[in-house]
Amino acid sequence: MSSYRKKCSSNIAARIFDRQIRTPPPSTTVHYARRFYENLVPSYTLYEVECPDHSFRKFTDDGQYLISFSRNYQDLIVYRPRWLSFSCKDEDCDKHDLPSKAKRFESFFTQLYSVSLASCNERICKDFFLYMEGNQFGLFATSTAQIHDAPAVGGAIQGVPSIEKITFILLRLEDGVILDDKVFYNDFVNLTHNMGVFLYDDLLAIVSLRYQIIHILQIRDSGNLVDVRAIGEFCREDDQLFLNSNAQGMAFSDKNKQHQLPGGHIENNVHQGQPNPGSSFLSGIKQRLLSFIFQSIWNEERDDNLRIQTLRKKFYFHFQDYADLIIWKVQFLDRHHLLIKFGSVDGGPQVSRNADHHPAFVAVYNMDTTEIVSFYQNSADELYLLFEQFCDHFHATSRNSMHMNFISSHSNNVHALEQLRSIKDKASSSSQFVKKMLASLPFSCQSQSPSPYFDQSLFRFDDKLISATDRHRQSTDHPIKFILRRHPYSLKFKIKPGPEGGSMDGRAKNISSFIFHPILPLALSVQQTLFLHPSVVNIHFRR
């Protein structure tokens, strides 16, 4: 029986026969089917393929489209992946090199359309793209240049940059028709790797860092972007109405007092019934946060004297620090709860790359009740245990996105868990390790590839060189190896970015990105220098 299983692992025909006569255990059918990828690998590489000089972004999660942008980041170009086909007169075509026509980019991809998204003073945000699989809608963003020293006016946060115009564009990928858009003026949304925007089912959360507002929108089946609520200064829909009504009442009361003042003096700081811009009121979300912290500390002690002492040490002493916290990042946990990261302005992800060195806090917010449900510091062991054991719950994926349910994590894969614990054991400081791990919370939306070749139960690879996370990496002249996790533990394929003979200029710093198809044994490796040289594109596929 053991020899038969070994044969199955190395012979795809034996796997198919085994599938006919054996039934996998309950709830493991998909995992058994994915083992076919151990035999279906992108083992052949076309180096330096002739292709359009575009910036290739990613495949959609269902594999239907390849998203790319023009080099001036004005136009969107969408391709349909197709499999290579060519004719051969000999009996054994595998021994012969591919014909020259088959080595072109057009042999693997068909251009569907090109559509202009940005005006002359705007550019497409190259690192931003979200895909709504059920409707095949794509969300893109364009923006004008960033202003780093913009003055903090109109309630803006000091130290946060400003962008004159940010436009979110909803597009139907099937035919390239623009369905709707949403524009933000003189604001700042962190669009790098989708950090400031999160899509869950048909709900969209956009974080205004400059004005500290979480905009919740709904994407209708008709393709309309509809405002649902704005969380920040106000939490409930009628909060603003209540405050305005109260301000009008105060204005009427002050007006009556003015007639009673001696000497005809007039004192009225209320303008047109609106709250005073110089008011010291905290925002609604900040009041919810401070109330939760106060109540949590209050419930720690039952003795009144101990309560007062504990509040002085843990709440009042740090009150201004809590009041100065700003929203960095947000993600959906489900349709009702948000995971919100708070921190100082100096430690914001748009300012500092070493955000894990700054104190930060994570809160769970219920949008229906407008209450803070839980609150942790980014060094809390309790939060880390939740992160380690229930990591998949933080990766909130839409119900229609079936391909994203099989991404390896340390809570669903024993190999990933072993790797995490090995890093933990080697860490010099436990608290710094916890901060570094929790710095990734909240997770960025659609930031990981669902390709089965990143499934750590199937393949082993160096995650310092390549991983499912969508990031540019330092290039290496050595090929990246993918080795079987199971018997016979053999090398199945290699991925090598750049020219076949290696980089001609060893002094140049080359950056590589890897774009894997979510279903097919097909991948692109794109190598580019820090200068404006054309990118080197390699196509890796199963011949």
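**Figure 1. Overview of the predicted chain.** The chain has eleven helices and 26 strands; helices (H or I, at least four residues) and strands (E, at least two) are DSSP runs, numbered from the N terminus. This is a predicted model, in which local features need pLDDT of at least 70 and side-chain atom pairs count only at pLDDT 80 or more, whereas totals for chains, interfaces and linings use all residues. Residues are numbered from 1 along each chain as its sequence is written, and side-chain values use heavy atoms, with hydrogens and water left out. Of the 543 residues of the chain, 47% count as buried; buried means under 20% relative accessible area, exposed over 50%, and partly exposed in between (1.4 Å probe, protein chains only). Among the contacts in the chain with a separation of 6 or more, 58% involve residues 24 or more positions apart, a contact being heavy atoms within 4.5 Å.

**Figure 2. The open sheet S2-S3-S4-S5.** Four strands form this open sheet in the order given, and the pairing is antiparallel; two strands pair if DSSP finds at least two bridges between them. The edge strands, each pairing on one side only, are S2 (54–59) and S5 (109–116). Neighbouring strands of this sheet are turned by 25° against each other on average, direction ignored. Axes are lines fitted to C-alpha atoms, for helices over the stretch in contact, and angles run from 0 to 180 degrees between N-to-C directions. S2 is joined to S3 (residues 66–70) by five bridges, and the two strands run antiparallel. Ser-55 stands opposite Phe-69 in S3.

**Figure 3. The open sheet S12-S13-S14-S15.** Here four strands form an open sheet with antiparallel pairing, in the order S12-S13-S14-S15. S12 (197–200) and S15 (225–231) are the edge strands, each of which pairs on one side only. From one strand to the next, the twist averages 20°. S13 (residues 203–208) and S14 (residues 213–219) run antiparallel and are joined by six bridges. Ala-205 is found opposite Ile-216 in S14.

**Figure 4. Packing of helices H5 and H6.** Two packed helices are described by the angle between their axes and the distance between the axes. The axes of H5 (residues 284–298) and H6 (residues 304–316) come within 9 Å and cross at roughly 145°. The crossing of H5 past H6 is right-handed; a crossing is left-handed if the near helix is turned anticlockwise from the far one by less than a right angle, and right-handed if clockwise. From H5, Leu-290, Ile-293, Phe-294, Ile-297 and Trp-298 meet Arg-307, Thr-310, Leu-311, Lys-314, Phe-315 and Tyr-316 of H6. By class, this contact has eight nonpolar, one polar and two charged residues. Ala, Val, Leu, Ile, Met, Phe, Trp, Tyr, Cys and Pro count as nonpolar, Asp, Glu, Lys and Arg as charged, and the others, Gly among them, as polar.

**Figure 5. Strand S18 and its partners.** Seven of the seven residues of S18 are buried, so this strand is largely enclosed by the rest of the structure. Ala-360, Val-362, Val-364 and Asn-366 point one way from S18, while Phe-361, Ala-363 and Tyr-365 point the other way. S17 (residues 337–343) pairs with S18 in the antiparallel sense over seven bridges, and Gly-343 stands opposite Ala-360 in S18. The antiparallel pairing of S18 with S19 covers six bridges, with Val-364 opposite Ser-374 in S19. The hairpin of S18 and S19 has four residues between the strands, and Thr-370 takes a positive phi near 60° in this hairpin.

**Figure 6. Helix H8 and its surroundings.** In H8 (residues 381–389), the residues Leu-383, Tyr-384, Phe-387 and Glu-388 are buried. Seen down the axis of H8, its buried residues fall within an arc of 135°, so they line one face of the helix; the arc is that of the directions from the helix axis to the C-beta atoms. The cover over these buried residues includes S18 (360–366), S19 (371–377), H9 (391–394), H10 (414–426) and H11 (430–438). In H11, the buried residues are Phe-433, Val-434, Lys-435, Met-437 and Leu-438, and they pack against S17, H8 and H10.

**Figure 7. Ser-409 in its loop.** Ser-409 lies in the loop between H9 and H10. The relative accessibility of Ser-409 is 7%, so it counts as buried. Leaving aside its neighbours within four places in sequence, Ser-409 is in contact with Cys-391, Asp-392 and Ala-416.
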